[in-house]
Amino acid sequence: MEPTELNSATETFIAHRNLLFTVAYELLGSAADAEDALQETWLRWVGVDLATVRDQRAYLVRIATRQALSRLRTLARRKESYVGPWLPEPLLTAPDVAEDVELADSLSMAMLLVLETLAPTERAVFVLREVFGLEYDEIAEAVDKTPAAVRQIAHRARAHVAARRPRGAVSAADTRHALAAFQQAVETGDLQQLLDLLAPDVVLLTDGGGVARAALAPIVGADQVAAVLARIATTTVLRPAQVNGHPALLLSLNGELDTVTALRIDDGLITGLYAVRNPEKLARMEQQTTLSR
């Protein structure tokens, strides 16, 4: 590739990098694997004759999607031997991501876990169509299917997700309010306040990856979850942050990030708590580039 072509390829890649990273992350649930997929995308992109590319954005999305799908199948095998519940790698996000309701919803821990229940191709079709609004023919090229097949896959995936997604939209203000009340309850160990915030059927998932201490099965029910939360050591420091498009809590112990906890809220009550403690999934949190639109 000539220097002028390389410069043009580089500028185009940088211009679409956030989009490509988000596509890969939504397919993989791992920022580290998404970065690897982007590296592979770049290596293939610089080998392309740009004069033959009609739509560079679509072409890059196609490469990134294929790289992510390849990694997704490898990750599926890795998850089969994962110790305890598996949660997505938490991702710091800028305030402008929260303003994009569709994008923020798709990045949430709750939604990423729903996407985990889709087959790889279904997941790719759903993300590309419902989140990023790609046309069926563009998606067909990315997943090696006909446009007619992609329409059918999109319909199935949409129905599957609709049956499992959070029951109602919650405003950012309501989420922040719930998070502040939750933080106060945890910091004070106020069991009754915790019970007032938790839905009767609340589920707590803790991901330690077999390295950090964590429950090996979901903890279900307000009484059981509140009892666990009330025992959090007073030496932990809690601070709010924007994670996966929504307010969340970062728990630090002895000056180091120990846990990232995201909340799912339905009808004003906390119905899901997602606590990531696996050190491998927290390693990027402090030094990573915050995702923005």
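In strand β2, the bridge partner of L204 is I219. The structure is a predicted model, in which local features need pLDDT of at least 70 and side-chain atom pairs count only at pLDDT 80 or more, while totals for chains, interfaces and linings use all residues. Residues are numbered from 1 along each chain as its sequence is written, and side-chain values use heavy atoms, with hydrogens and water left out. Strands (E, at least two residues) and helices (H or I, at least four) are DSSP runs, numbered from the N terminus.

Strands β1 and β2 run antiparallel and are joined by two bridges; two strands pair if DSSP finds at least two bridges between them. With β6, strand β1 pairs in the parallel sense over six bridges, and here L198 stands opposite I270. Strand β1 is mostly covered, with seven of its ten residues buried (buried means under 20% relative accessible area, exposed over 50%, and partly exposed in between, using a 1.4 Å probe and protein chains only).

Stepping back, six strands form an open sheet with mixed pairing, in the order β2-β1-β6-β5-β4-β3. The edge strands, each pairing on one side only, are β2 (219–220) and β3 (237–243). Strand β3 runs antiparallel to β4 (residues 246–253), and seven bridges join the two.

Helix α11 (residues 172–188) touches β3, β4, β5 (256–266) and β6 (269–276), and its direction makes about 25° with that of β4. Contact means heavy atoms within 4.5 Å; axes are lines fitted to C-alpha atoms, for helices over the stretch in contact, and angles run from 0 to 180 degrees between N-to-C directions. Helix α13 (residues 222–230) touches β1 (198–207), β2 and β6, at about 50° to the direction of β1.

Helix α11 has 17 residues. From first C-alpha to last, α11 reaches 24 Å, close to the 24 Å expected at 1.5 Å a residue (the expected span is 1.5 Å times one less than the number of residues). Its buried residues include T175, A178, L179 and F182, and the buried residues of α11 pack against α12 (191–197), α13, β3, β4, β5 and β6. Next comes G189, whose phi is positive, near 65°. G189 is also touched by A230, together with L191 and L194, not counting residues up to four places away in sequence. A230 is found in helix α13 and is partly exposed, with a relative accessible area of 28%.

Elsewhere, helices α8 (residues 120–131) and α10 (residues 147–162) pack at an angle of about 90°, with their axes 9 Å apart. That makes α8 roughly perpendicular to α10, a label for angles of 65 to 115 degrees; those under 35 count as roughly parallel, over 145 as roughly antiparallel, and the rest as oblique.

What about the interior? In soluble globular proteins, nonpolar side chains tend to be buried together. A nonpolar core is a set of buried Ala, Val, Leu, Ile, Met, Phe, Trp, Tyr and Cys residues joined through side-chain atoms within 4.5 Å. Of the 54 residues in the largest nonpolar core, F21, Y25, W45 and L115 touch the most other members. A second, separate core of 24 residues includes A185, V186, L249 and I265.
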